[in-house]
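Subject: The model you asked about

Hi,

Here is the structure to open in your viewer.

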Amino acid sequence: MQKTSVRAVVVAAASAALVTVSMIPAQAAPATTDALVAVEQALRPAAMPIGPKTVESALIALRRATDGSPRSDYFPRSFELTEGTAQPFLYDTAAADCLPSGFEPDDYSIGVAAAIAGPAVDKSLPVPVIPPGTVNVFFSAMNTAMSSPSQADNLEVAWLNVSTGQSGRAPMFQERPADYIVTLSNTVATGRGTVVFVVFGRVLDNTSNGLPPCEFAPVIGVVQA
C-alpha cells in the first residue's frame with residue numbers, strides 16, 4: 001500500500017469527529033467549524049507517520065462512528081482520580097488486524113482516549129497533582145495485554161491550543177501502575193484555553209505471539225484546559 005498523506009487520514013478522522021459531535025455533551029467536547037484546520041495545525045509539527053494498516057484502521061473507526069456502534073465505557077481501573085474529571089475524545093478509534101486468535105471476525109482493537117485537565121489530582125500518577133494549564137492525556141487499547149515501562153510502544157500525542165497558538169508533541173508511555181490492558185499517558189503543558197489533541201501511533205501486545213503492532217487511526221479530542 002502506498003504511504004498515505006497525513007491530510008487524507010485527518011480528513012477521515014475529522015469527518016468521524018464531526019459526524020459524532022452532536023452525540024457528545026457540549027461541555028465535554030466543544031467543536032468549531034474550523035475543527036479540520038485546527039487538527040491539521042496540530043499535526044503539522046508532528047510529521048505523523050502513516051503505517052500500512054493506518055488507513056484500514058481509520059475506515060473501521062469511521063464506520064463505527066457513523067453506523068451507530070456503541071462507544072466503549074471503559075475507564076482504567078488503575079486510576080485514582082480524586083479531583084477533576086476526564087473529558088472523552090470525540091470518538092473511539094481502532095487498529096486493524098492486530099489481535100490474537102479468538103477475536104474473529106472483529107480482529108481489531110478499539111482505542112479509547114480521554115484527557116484530564118488541571119487542576120486535578122490522580123494518586124496513581126508518579127506526581128499526583130495535575131496543575132492548571134496542563135493536561136494528562138491517556139489512551140487504552142482494548143483487548144491488548146498490559147504494557148510495561150520497557151516496552152517499545154510508539155504512541156504519541158500532538159496538540160494545538162487554539163486560544164493561544166501554542167502547540168507541541170509528546171510521547172505516551174506507561175506512567176501509572178500496569179493495568180490488564182495497555183494504557184499509556186502523558187501530562188503536557190498546554191496552557192489554559194481550548195486545546196485540540198490528536199493521539200496516533202502504535203501499541204504493542206506483549207502476548208500476541210508475533211502479531212503486528214496495533215496501528216491506530218488518529219483520534220481527536222477537543223479539551224477545555
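Val121 is buried, with a relative accessible area of 17% (buried means under 20% relative accessible area, exposed over 50%, partly exposed in between, using a 1.4 Å probe and protein chains only). This residue sits in strand S5, residues 120-122. Helices (H or I, at least four residues) and strands (E, at least two) are DSSP runs, numbered from the N terminus. Leaving aside residues up to four places away in sequence, Val121 touches Glu80, Leu81, Thr82, Glu83, Pro128 and Val129, where a contact means heavy atoms within 4.5 Å. Leu81 is 40 residues away along the chain, yet the C-alpha atoms of Leu81 and Val121 are 5.9 Å apart.

Before you go further: this is a predicted model, so local features need pLDDT of at least 70 and side-chain atom pairs count only at pLDDT 80 or more, while totals for chains, interfaces and linings use all residues. Residues are numbered from 1 along each chain as its sequence is written, and side-chain values use heavy atoms, with hydrogens and water left out.

The chain as a whole

The protein chain has three helices and twelve strands. It has 225 residues, and 54% of them count as buried. If you take the contacts between residues at least 6 apart in sequence, 75% join residues at least 24 apart. The accessible surface is about 9900 Å², with 56% of that belonging to carbon and sulfur atoms (areas come from the Shrake-Rupley method with a 1.4 Å probe; for residues, only the protein chains shown count as cover).

The sheet around S5

S5 belongs to an open sheet of three strands, in the order S1-S5-S6 with antiparallel pairing. Its edge strands are S1 (81-83) and S6 (129-130), each of which pairs on one side only. Two strands pair if DSSP finds at least two bridges between them, and S1 and S5 have two, in the antiparallel sense. Leu81 stands opposite Asp122 in S5. As a reminder, strands of a sheet pair through backbone hydrogen bonds, either parallel or antiparallel.

Strand S8 (residues 154-161) runs antiparallel to strand S9 (residues 167-172), and six bridges join them. Leu155 has Met172 in S9 as its bridge partner. The hairpin of S8 and S9 has five residues between the strands, and Gly165 in this hairpin takes a positive phi near 85°.

S8 also pairs with S11, antiparallel, over eight bridges; here Leu160 is partnered with Val196 in S11. How many of the ten residues of S11 are buried? Nine of the ten residues of this strand (residues 194-203) are, so S11 is largely enclosed by the rest of the structure.

The disulfide

A search of the whole structure turns up one disulfide, meaning a pair of cysteine sulfur atoms within 2.5 Å. The bond joins Cys98 to Cys214, with an S to S distance of 2.1 Å. Cys98 lies in the loop between S3 (93-95) and S4 (109-117) and Cys214 in S12 (residues 214-224), so the pair ties together parts that are 116 residues apart in sequence. Both Cys98 and Cys214 are buried. The link between Cys98 and Cys214 is right-handed, with 90° about the S-S bond.

Helix H3

In H3, the buried residues are Thr54, Ser57, Ala58, Ile60, Ala61, Arg64 and Ala65. Looking down the axis of H3, these buried residues fall within an arc of 160°, so they line one face of the helix (the arc is that of the directions from the helix axis to the C-beta atoms). Just after H3, Gly68 has a positive phi of about 85°.

Most residues other than glycine have a negative phi, and most peptide bonds are trans. Here are some spots to look at with that in mind:

- Gly118 and Pro119 are joined by a cis peptide bond, with omega about 10°; Pro119 is in the loop between S4 and S5.
- Asp97 is not a glycine but has a positive phi of about 50°. Asp97 lies in the loop between S3 and S4 and is partly exposed, with a relative accessible area of 33%.
- Asn143, also not a glycine, has a positive phi of about 70°. Asn143 lies in the loop between S7 (134-141) and S8, and counts as partly exposed at 40% relative accessibility.

Cheers
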